[in-house]
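Hi there,

Here is the structure I promised to pass on to you. Have a look at it first, and then read on for what turned up.

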Amino acid sequence: IRNDNSSRFGKFIEMSFRARDGALFGATIDVYLLEKVRLVSVNPGERNYHVFYEVLSPRRGDGSGGMTTDERRRYMLTRGRPGSSSDAPCTVRDFKMTSVSGTFDRRDGVDDADTYGE
């Protein structure tokens with residue numbers, strides 16, 4: 001389940017006012033993560049670490065989708081040893097926390113390859 005409005009995220013709003021008349025003349029909003037680690041298990045039918053499903057989504061022929069082969073090599077997301085010539089990409093099935101629930105597709109029908117890079 002993906003909750004883009006999760007309570008794990010916070011916003012800090014800084015507003016600036018003119019001293020002479022108190023009028024608002026600027027503002028900034030910073031978004032930050034409140035919790036860095038929270039996941040202890042994944043229930044059947046659920047997904048966590050959504051960004052990993054997007055990063056590991058298959059690269060399409062038109063160049064869209066997950067990471068390129070060079071990016072996967074750089075972050076050691078290929079099945080070969082570092083420095084080897086094996087470029088077989090890792091998938092979400094290769095990692096415990098993205099495969100333990102057995103759920104690989106989003107329930108809302110959105111393709112992870114479409115949301116990669118947003």
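This is a predicted model: local features need pLDDT of at least 70, side-chain atom pairs count only at pLDDT 80 or more; totals for chains, interfaces and linings use all residues.

**What turned up**

The protein has four helices and two strands.

If you take the contacts between residues at least 6 apart in sequence, 42% join residues at least 24 apart. The exposed surface comes to about 8,800 Å², with 52% of it supplied by carbon and sulfur atoms.

Part of that surface may interest you. A nonpolar patch is formed by I13, M15, F17, L24, I29 and V31, which together have about 610 Å² of accessible area. Both strands take part: β1 (9-17) and β2 (24-33) each supply at least two of the patch residues. One member, M15, sits in strand β1. Its relative accessible area is 46%, and M15 therefore counts as partly exposed, since that class runs between 20% and 50%.

There is also a backbone detail to look at. Most residues other than glycine have a negative phi. M76 is not a glycine, yet its phi is positive, at about 55°. Where does M76 lie? You will find M76 in the loop between α2 (69-74) and α3 (96-99). Is M76 buried or exposed? With a relative accessible area of 58%, M76 is exposed, because the cut-off for that class is over 50%.

Best wishes

Key: Residues are numbered from 1 along each chain as its sequence is written. Side-chain values use heavy atoms; hydrogens and water are left out. Buried means under 20% relative accessible area, exposed over 50%, partly exposed in between (1.4 Å probe, protein chains only). Contact means heavy atoms within 4.5 Å. Accessible areas come from the Shrake-Rupley method with a 1.4 Å probe; for residues, only the protein chains shown count as cover. Patches are made of residues with over 30% relative accessible area and no salt bridge: like charges are joined within 9 Å, nonpolar side chains (Val, Leu, Ile, Met, Phe, Trp, Tyr) within 5 Å. A salt bridge is a side-chain nitrogen of Lys or Arg within 4 Å of a carboxyl oxygen of Asp or Glu.
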